[in-house]
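This briefing is for a reader meeting the structure for the first time.

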Amino acid sequence: MLDRRLLFLEQRLSLTGLAFLLGTLVLAASALGTSPQFVPVHHGKWYTVLSNNPFDWSDNYNLRFRILGPFLGYILFLRGSLFPWFMLSLLAVFLGLVYRFLRKESWRPVDALSLLCLLGFSTLTYYTYIFPVYTDSLTYVLLTLAWFAMPKQWLRLLLLSLLVFNHEQTVFLFPLLFLRWKPEGWNVKTLLKHGGWFVLALVP
């Protein structure tokens, strides 16, 4: 029954439209289980400052190299007090991407929705509610795009570089993506070529 309803909505709204609608609804529903905070704390204070002017490095901000989130907030005019809403909206995008890509992988609609809800009602989501302005939600979006990325090297290189610009510790996920993207045939030449893209992503 639920499968049929979801398939009907996919036809009416398109898969992408339904995916992001479900992501937004699940995110809103999960907020009922906690008390969302919108006052930046800890690192969030510095992310907020950087979102107003990401290239003002007159102060020794420890997070100035994690420039991607504040830079996107700056150019999208989601700065300062609006920056927490930007991070929450990216969390909804992440949940929507999960549903969309799983459906593209031929998962049943109800199964894709179940995993979306599992993530939406987990610590992954509640952490963002408690620590607003942290840019983890942007990492989730980029990692999801990278995991399901088309086999185009320029796109993969771009996503790897963006991950590093958002948080340098995402380099520890590179081995996982390396295995995900591994070529079918293993030999020294293809291994070096495949690994070279990961090294190149660290150059910036």
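The loop between H9 and H10 holds His-167. The model is a predicted one.

**His-167**
- His-167 counts as buried because its relative accessibility is 18%, and the cut-off for buried is under 20%.
- A polar contact of 3.2 Å joins the side chain of His-167 to the side chain of Arg-66.
- With neighbours within four places in sequence left aside, His-167 is in contact with Arg-66 and Thr-139.

**Nonpolar core**
- The largest nonpolar core has 45 residues, of which Leu-22, Phe-94, Leu-95 and Tyr-99 touch the most other members.
- At least two residues of this core come from each of helix H2 (15-30), H5, helix H6 (109-120), helix H8 (136-147), helix H9 (153-166) and helix H10 (174-180).
- H5 gives the most to this core, with 14 residues.
- Leu-22 is in contact with Leu-6, Tyr-99, Leu-113 and Leu-116, leaving aside its neighbours within four places in sequence.

**Cavity**
- The model has one cavity of 30 Å³ or more.
- The largest cavity holds about 30 Å³ of space.
- Its lining is made up of Gln-37, Phe-38, Pro-84, Met-87, Leu-88, Thr-128, Pro-132 and Val-133.
- Helix H5 (residues 83-104) supplies the largest share of the lining of the largest cavity, three residues.
- Six nonpolar and two polar residues line the largest cavity, with no charged residues.

Terms used: Residues numbered from 1 in each chain as written. Predicted model: local features only at pLDDT ≥ 70, side-chain atom pairs only at ≥ 80, totals over all residues. Heavy atoms only, no water. 1 Å grid on protein atoms, 1.4 Å probe; cavity = no way out; pocket = protein on both sides within 12 Å on 5 of 7 lines; lining within 4 Å. Points joined across faces, edges and corners; volume = space filled by probe spheres on them. Helix = DSSP H or I, 4+ residues; strand = E, 2+ residues; numbered from the N terminus. Nonpolar A, V, L, I, M, F, W, Y, C, P; charged D, E, K, R; others polar. Core = buried A, V, L, I, M, F, W, Y, C linked by side-chain atoms within 4.5 Å. Buried < 20%, exposed > 50% of the residue type's maximum accessible area, 1.4 Å probe, protein only. Contact = heavy atoms within 4.5 Å. Polar contact = N/O pair within 3.5 Å; in protein donor to acceptor, adjacent residues only side chain to side chain.
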